[in-house]
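Me: I would like to learn how to read a structure like the one below. Please take it feature by feature.

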Amino acid sequence: MPAKPDAGTPGKKKPKLAVWKFASCDGCQLSLLDCEDDLLAVAGAVEIANFPEASRAVVKGPYDVSLVEGSITTTHDAERIHQVRRASKFLITIGACATSGGIQALRNFQNVDDYVSIVYASPQYISTLKTSTPIDEHIHVDFELRGCPVNKHQLIEVLNAFLNNRKPNIPKHSLCVECKRKGLPCVMVAQGIACLGPITQAGCGVLCPSYNRGCYACFGPMETPNVPSLMDWLEQLGVDKADIVRALQTYNVNAKAFRKGSLA
Amino acid sequence: MVARNKKNNGTRTIKVDYLARVEGEGALHVKLKDNQLKDVKLKIFEPPRFFEAFLRGRDFREAPDITARICGICPIAYQLGASQAMEEACGVKVTGPLRDLRRLIYCGEWIESHVLHVFMLHAPDFLGYEDAIQLAKDYPDVVQRGLKMKRIGNDIMTLLGGREIHPINIKVGGFYKVPTKKKLQTLVSDLQWGLEAAIETVKLVSTFTFPDLEPDYEFVALRHPNEYAIAEGRLVSNKGINAPIKQYDDYLFEEHVAHSTALHTHVRERGACFLGPLARYALNYDKLSKTAREVSKNAGLGKSCSNPFKSIIVRCVETVYAFEEALRLIAGYQMPDMPAVDVTPQAGTGYGATEAPRGICYHRYTIDAAGLIQDAKIVSPTAVNQKQIENDLREFIPANLHLPDDKLQWQCEQAIRNYDPCISCSTHFLKLTIERQ
C-alpha cells in the first residue's frame, strides 16, 4: 500500500481521484455514480480530479488513486495506459475488461481481420490490435477488482480501504462459499442446473443462484479453480461439450484458467 | 481536456478533445474561417469491440447477456431487443404478466437513465456548473432528490433483474424467476414519492433558459396502439414512415462516410433522423398519461417540441410517465405460473426493437435450426443520432458566432449532451480518419 493519503485530516488536501476508460461498456465507472446513497460522501472524502463521464472539470495530475476501466485494444491505448500509470500513485483496475480483457477478448481466438470485415464496410478505416488484453499485461496494477460489472459495495470498500490505508476486504474464494453462507440450496445438486460457481470468484452476492440460474462466471476465476473437474461434472449433468466451452468463453475468456480450460 | 486557439489568419478553432458528461469517448472539432463555419466533426474514438462478429456461432439464448455488455447504461434495451428478436425467429410471443414485467423493468431503466442524465449530466450546463458534485454544494436538496429518484429506478432494476447494471434475470422467453406481488409492492411507496419528485423536477427544469434552435427534424420512434411505446411498436415518423420493425432496414440505412468515425444512418432518400425523447413525445403524445400531459402543458410544452435543448423537459415528462406506469403495472400484476415461455430454436430471422432511453435500439438475428447465431445486426440510437447532432451544430454555431470561444464551446458541448449520447454502444463506431484538403 502507498503512503497514508491523509484522508479526513483537517487542513490536509483531500486525495485526488481519477477515473480512466479504455475499451469497455462504461458500466463499471457507472457503478460509482450508482452509489446514490454514498456518492456525495465519496465526493466529500476525495477530490474528483478527473472523471469525464461525470464532470467537464479536469484537475492536473499526479493523482493519488486512479480507477481504470476497460481493456487495451488499440496502439494508442497501449501507450495511453503508461501515461495513466505515470500520473497515478495507486492504480486500481475495475471490472472484467480491465482485469481479464473482457468479452472483446474473444477476438484473441480468431482472426481479427475477419471480425473487422464482418462489422464494417470499409475495413481500411479500422485500426485495432489483434488482441484485447488486461491492464496488468501492460503496467503494474496495485489492486484488481473483478466483476462484469463490479459490485458497487466492493468498489466503495476498495476506495474506503485505500483512504484508510488498509487492505481491502475482497475475498478470492469461490462463489460456492458465499452461496452456502447465504443458505441457498445448490442449483446444480438440487435442480441439475449447470453452474460455474465452483470455479468463480465470489463477490456478486450470489445473484444467479438466487434467481434459479447457474452462475455464469462474470467475476472470473477464483484463486485456485479446478476447471477440468467442473467440466467433467457438467458433462455428467448432460451439458454438451460445446455449451461448456462457450460458457467459459464469455466475459473473462482471456483469464488464464478459463482460457486454458476452454481450449483443452 | 479543452484546447482552444485563435490564429491571426482569421481561422478560429474550437476543440473539445474529450467530451465530458457523456458515456464513452468522443471529441468535437469545429473549424471557422473568416467567421464562416467550415467544418464540424463529432469524433468518436471509442475502440471497436466487434459484438456482431463474435455473436456468430453463439447460442441464441446467450444473446441477451452478451449484448447487454454493449452498454452499461442501457442494458435492458439490449437484453429485451435481443430476446424479442430471438422469440420472433422461433415463433414465440411473450404476453400477459411476463410482458408487463418487461415493461416494468424498462420503466426502471428509463427512470435511472433519464434521471442520471437530467441531474448529473445535463442540468449542470443550464445552471453553469462543471458537474453535479459542484451543483450539489449550492443546491444540495435538488441533487439529493435526483439521487433518490435515480436510486428508485435502480431499485426496480435490482428487484426484477438482480442488479442494475447487466441484470441477470432476463432471458429469451421471459425471466429466470418472477417476483411475488407482495415483493413488487415494496416498491410502491418510493414510486409514489418519485412520481411527486418527478413532477417537481419538470417544474424546475422548465424554468431554465433555453438557447434558440428548432430544426425541421424527421422524428422516428416506435408507436403502439394501446400504450406509450417502450418495449415494442411499429416504426413511425412525422414524415411518413409507418412500418413493422422487420422493415427497419428498408427505411433506415447505414452509410459508411470516409471522414467520419461512424456509420451514419439516413432515412432512405431523405437524410438524418432524430431518435429519443423528443421523437417519442411528438409521435406518441396522445398515448401519454393524463398526468404527464398536464405536467408538460404546465411546463409550457405543446404536443410537440423541436428545440433539442428542451429535451431535458421532455426527459422529465417521460420520467413522470415512467413512475406512474410502474405504479400501474404493479397494481395490475398477478404472478404468472411459469417465469418464462419455452422457446425451441428453429431456423429463421427475427427482429427486435425497443425504445432505449436515448431512442430506438434495433436488433436483427439469423439463427440456424440448432439455435446458433449465423448473423447479427445491432444499431444503437446514438449511432443513428450522430448525423443529426452534427446537423444541429451546423445550424447552431453560425447563429452564435458572437459568443466568446469558451462560451460557444460549452454551448456546443451542451448541444451534444441534448442527445444523451451513449458512445460506448460501440457496435457501429469506427476510428476517425482525418480528411485533409
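Reply: Two notes on conventions come before the features. Residues are numbered from 1 along each chain as its sequence is written, and chains are lettered from A and ligands numbered from 1 in the order in which they are written. This is a predicted model, in which local features need pLDDT of at least 70, side-chain atom pairs count only at pLDDT 80 or more, and totals for chains, interfaces and linings use all residues, while side-chain values use heavy atoms, with hydrogens and water left out.

Me: What is the mean pLDDT of chain B, and what is the average for chain A?

Reply: pLDDT is the predictor's confidence in each residue, from 0 to 100. Chain A averages 91, and 95% of its residues score at least 70. Over residues 1-9 of chain A the pLDDT is below 50, and this stretch has 16 contacts in the model beyond near neighbours in sequence; a contact means heavy atoms within 4.5 Å. For chain B the mean is 89, with 91% of residues at 70 or more. Residues 1-7 of chain B stay under 50 and have 17 contacts beyond four places in sequence. Residues 426-437 of chain B are also below 50, with 51 contacts beyond near neighbours in sequence.

Me: How do I read a sheet, and in what order do the 5 strands in chain A stand?

Reply: Helices (H or I, at least four residues) and strands (E, at least two) are DSSP runs, numbered from the N terminus. Two strands pair if DSSP finds at least two bridges between them. In chain A, 5 strands form an open sheet in the order 2-1-3-4-5, with parallel pairing. Strand 2 (47-50) and strand 5 (143-145) of chain A are at the edges with a single partner strand each, so one side of each has no neighbour in the sheet. From one strand to the next the twist averages 30°; axes are lines fitted to C-alpha atoms, for helices over the stretch in contact, and angles run from 0 to 180 degrees between N-to-C directions.

Within this sheet, strand 1 (residues 16-21) and strand 2 of chain A pair over 3 bridges in the parallel sense. A:Ala18 stands opposite A:Asn50 in strand 2 of chain A. Helix 3 (residues 75-86) of chain A lies across strand 1, strand 3 (63-69) and strand 4 (88-94), at about 130° to strand 4 of chain A.

Me: Is the pairing in the sheet of 3 strands in chain B parallel or antiparallel?

Reply: The pairing is antiparallel, and the order of this open sheet in chain B is 12-13-14. Strand 12 (348-356) and strand 14 (373-379) of chain B stand at the edges, so each has one side without a neighbour in the sheet. The twist averages 10° from one strand to the next. Strand 12 and strand 13 (residues 359-367) of chain B are joined by 9 bridges, and B:Ala356 stands opposite B:Gly359 in strand 13. Helix 3 (residues 75-89) of chain B lies across strands 12, 13 and 14, running at about 150° to strand 12 of chain B.

Me: Which residues is B:Asp375 in contact with, leaving aside its neighbours within four places in sequence?

Reply: B:Asp375 is placed in strand 14 of chain B. Its contacts are B:Arg56, B:Arg364, B:Tyr365 and B:Thr366. B:Asp375 and B:Arg280 are 95 residues apart in sequence and 29 Å apart in space, C-alpha to C-alpha.

Me: What is a pocket, and how many residues line the largest pocket?

Reply: On a 1 Å grid over the protein atoms alone, a pocket is an open set of points with protein on both sides within 12 Å along at least five of seven lines, and lining residues have an atom within 4 Å of a point. The largest pocket is lined by 38 residues, and A:Ile193, A:Ala194, A:Arg213, B:Arg61 and B:Tyr176 lie nearest its centre. About 1,200 Å³ of space lies in this pocket, where a volume is the space filled by probe spheres set on grid points joined across faces, edges and corners. Helix 11 (241-248) of chain A gives the most to the lining, with 4 residues.

Methods
On a 1 Å grid over the protein atoms alone, a cavity is a set of points where a 1.4 Å probe fits but cannot get out, and a pocket is an open set with protein on both sides within 12 Å along at least five of seven lines; lining residues have an atom within 4 Å of a point.
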